[in-house]
Amino acid sequence: MTMVAVRNLRRNPLRTVLTIAAVMVAIIFFVTLRTVLSAWTAGADNAAKDRIGTRHKVSFIMPMPLRYVQEVRDIPGVKSAASANWFGAKDPKHDREFFATIAVKPKDFLEVYDEIDLPAEQREVWFQTKTGAIIGDSLAKKLGWKIGDKITLTGTIYPGEWEFVIAGIYTATRRSVDRATLYFNYDYLNDDPRTRQSSHDQVGWIVSRIDDPGRSAEIAKAIDSKFDERDIQTLSMSERAMNTSFIGMISAILKAVNVVSLVMLGIMALIIGNTVAMGVRERTHEYGVLRAIGFLPKHLAVFVVSESVAVSIFGGLLGVMLSYPLVEQGLGRWLEENLAGFFPFFRIAPQTIGVSLVLAAVLGVLAGALPAYSAMKLKVVDSLRRAG
Amino acid sequence: MSTDTSSQSANGAIVSAKRVRKTYLRGKEELNVLQDLDLTVHEGAFEALMGPSGSGKSTLLNLIAGLDRPTSGTIEVAGVDVGALPERARAKWRAANIGFIFQTYNMMPVLTALENVELPLLLARLSGKERRERATTALEVVGLKERMQHYPRELSGGQEQRVAIARAIVTDPRLIVADEPTGDLDRKSADDVLALLDRLNQEFNKTIIMVTHDPAAAERAKKVHHLDKGALL
């Protein structure tokens, strides 16, 4: 009987194709929006459990003294600590391309961020080159930069032209790492005459590795306590908490995305329901004949619901199949290259595919329920009287 | 084809309608379509119901076939009081005992002739192979075995009606009810269909009750009942 229902899809091929296309588009949107949600939270999900971030208590944009780094390092439980300064610069040759530029102390930085994968010889070159910078592989690919290239960036926070030598290209062993950032030697920034008066020996934030992830709250508190009586106080939290607090700031947007993704599926169900209901109206006479020859109302329900589920599953499968090239190769690649700070890893999660297909099938059943009910309620004699 | 008559009544009647009344409500108005009608049809009969539009022919046929219930009176078909059966039981009874032939053939356009004939067998506990074999035999009886893979759109009106007849006989029913079976056909095709019904009656001893406006069709029947205003004349 299910086969008969699937054959029914051939009756009006244009209508069937358009309905399947509508389901397919809805599923592509659903998969895309769910991937946006999972990519947003990937940073928090993949945060290192043994890292603590420390910033100025008032705001992220206010600097702290460089000496705090060593003082944090001296706190029991802290294994290593590294500073970071947001630099802010653009490549005049690629004026519209945004990428993060951060000044760090190379050895400290690589010790704290051990998921950054940089070949040993490139590390050495970076350590020894004051103007040396390392870039992520996706940034290198996007801007066509190679090791040994000399580049000039225009500072946005620190004005003027800044020359760098590409000392290395890093990849990452953890998906939360932004592979489109340029890290350069803090000494180059700190020793430059242009920063001497304004921000000499100042750092933006400190990231430390601790020996026991279970004590991160306690150690964060110890760090902040240390600077409690100073002019500049700090606010410390685990990397995960830091990422989560950032997500918290955009939670309204995430909720909206979530709602929109579900609304898309609701619209999909209405489209299928309308198509199936049209089919039921057109086949009233035929259903009368089926009832006459002995089919029961439940059999008609099977015909109608099977047809609805077949449309939604065909559309769902096509949507999922097309999502991979569109989301992962198209949109995902673009986001990873251009908005890596927000979407370092824009990939479709396997559970998103599973949820999409299950929801498509469930909505197919729901969409077919009302037309099936009306088919079941048809009176045989009345149905036979109606012209086919 | 079976010719079992085990469940017919003692006097050989396969259909026995007694004081059958059917009333419809049209708004607040009561419409008496059949009025205290008595009818007996014997096993192996080929009988026609004729009468003007609105005389109650199709209503009577629907009651005999178990598609509807009389307002009062009883209709026994093959020893079963059809009107007393609940909806679900009536559907099963129809599937086992009645073959339907409609004026407009009513084939499913997405199924081949063979698959259309197989449809009633989906309700029986048969394997796919058995279903196909029985459907093929039914198509052979109506002379369309070679067209069994054709879709309804690839058949003429007469051929479609013959496929419908194959669908009606595939479950080997006791009684075949035909509502204007030649109403949509040209004379030649109509004669072919009538000859086929005649053969089913003569050769396979099928009881046939046919509603028709067509005098040529009525001539084929062994007995013609005339209805007017819900009563047999």
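Residues are numbered from 1 along each chain as written, with chains lettered from A and ligands numbered from 1 in the order in which they are written. Because the model is predicted, local features need pLDDT of at least 70 and side-chain atom pairs count only at pLDDT 80 or more, while totals for chains, interfaces and linings use all residues.

A:Met24 is buried, with 22 other C-beta atoms within 10 Å (buried: 20 or more such atoms within 10 Å, C-beta atoms being placed from the backbone). Leaving aside residues up to four places away in sequence, A:Met24 touches A:Gly315, A:Leu318, A:Gly319 and A:Leu322; contact requires C-beta atoms, placed from the backbone, within 7 Å.

Turning to the interface, 17 residues of chain A are in contact with 20 residues of chain B. On the chain A side, α1 (2-8), α12 (284-292) and α15 (380-385) each supply at least two residues, and the largest share, 4 residues, comes from α12(A).

Within chain B, strands β1 (residues 13-26) and β2 (residues 29-42) pair in the antiparallel sense over 10 bridges, pairing being defined by at least two DSSP bridges. Their hairpin has 2 residues between the strands, and B:Gly27 takes a positive phi near 65° there. Strand β1(B) also runs antiparallel to β4(B) (residues 72-77), joined by 5 bridges. B:Val15 has B:Val41 as its bridge partner in β2(B) and B:Val77 in β4(B).

Notes:
Two residues are in contact if their C-beta atoms, placed from the backbone, lie within 7 Å. A residue is buried if 20 or more other C-beta atoms lie within 10 Å of its own, exposed if 12 or fewer, and partly exposed in between; C-beta atoms are placed from the backbone.
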